[in-house]
Amino acid sequence: MPVIDCNGCPIHVEVEGPESAPALILSNSLGTTLHMWDGQVAPFTRHFRLVRFDRRGHGKSGLPKGPTSMEMLGRDVLAIMDALGIKTANWCGLSMGGMEGMWLGANAPERFERLVLSNTSSFFPDKKGWNDRLALVREKGVPAFAAPNMERWFTKGFRERDPQAIARVMEMFAATPLDGYIACGEAVRDMDHRDLLPRVKNPTLVIIGRYDPATVPEAGEYVCKNIPRAESFIIEAAHISNIEQPQQFNDAVLGFLTRR
């Protein structure tokens, strides 16, 4: 699969599905790779040309020196689209991927048909919480935060029900390069998309995890209320809802994106 130069950063991209189908780009959470979407590949490629990528600083992608911002990450996506010859696409981003989607909807609306913003937020008022987390990761490394993070990402019931899925996600998270986690974590901490939301005119679905402690339901409700004509869907999951409730997630996304 191609490695695309995105504004001086090599980004690893995988493309699957019928060449004639409309494009759907998936974007991951902080501390995961494109493989967080493995459970969506089969159902989504029945309808779409699927584009997945490792965000800068994650997986097989690079990380140039210097700070990372949401604008930079959004421009990486546009560079991927240009390199693949994709004029317009649909978007589905979870957590940090949803934050990128807000930026793209506000700044490049003509490149997107519909947006799905899942388990996400437009602003984090508690900078201390982020600073404490980043300080812990700097001191002890990303793997030390993997197990506690699973308690935020998945409900207790799911952790007990599917320990193999938890182990896979833990391994993915723990393998995140330290510099990539820090750079992207700082971009999330410093993000404030509240003024962007009214500029998003694309049809938008906001998926809200009923038990999500990372991007709480109130944050998703705020996003939905401030994007014109956005609609919401409550999913019975914590933060990484596409893995905890794949059938609910897939049905909600495909129902929205294929609606006539």
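## Helices α4 and α8

Helices α4 and α8 run roughly antiparallel (an angle over 145 degrees). In this predicted model, local features need pLDDT of at least 70, side-chain atom pairs count only at pLDDT 80 or more, and totals for chains, interfaces and linings use all residues. Residues are numbered from 1 along each chain as its sequence is written, and side-chain values use heavy atoms, without hydrogens or water.

Helix α4 covers residues 127-140 and helix α8 covers residues 178-190. Helices here are DSSP runs of H or I with at least four residues; strands are runs of E with at least two. The two axes come within 10 Å and cross at roughly 175 degrees. Each axis is a line fitted to C-alpha atoms over the stretch in contact, and angles run from 0 to 180 degrees between N-to-C directions.

## Who touches whom

Contact means heavy atoms within 4.5 Å. On α4, the contact residues are K127, W130, N131, R133, L134, V137 and R138. On α8, they are L178, Y181, I182, G185, E186, V188, R189 and D190. By class, this contact has seven nonpolar, two polar and six charged residues. Asp, Glu, Lys and Arg count as charged; Ala, Val, Leu, Ile, Met, Phe, Trp, Tyr, Cys and Pro as nonpolar; the others, Gly among them, as polar.

## The whole protein

The protein has 11 helices and eight strands. Along its principal axes, the C-alpha trace spans about 45 × 40 × 35 Å.

Buried residues (under 20% relative accessible area, 1.4 Å probe, protein chains only) make up 57% of the 260 residues. Among contacts with a separation of 6 or more, 77% join residues 24 or more positions apart.

How values were computed: Angles under 35 degrees count as roughly parallel, over 145 as roughly antiparallel, 65 to 115 as roughly perpendicular and the rest as oblique. Buried means under 20% relative accessible area, exposed over 50%, partly exposed in between (1.4 Å probe, protein chains only).
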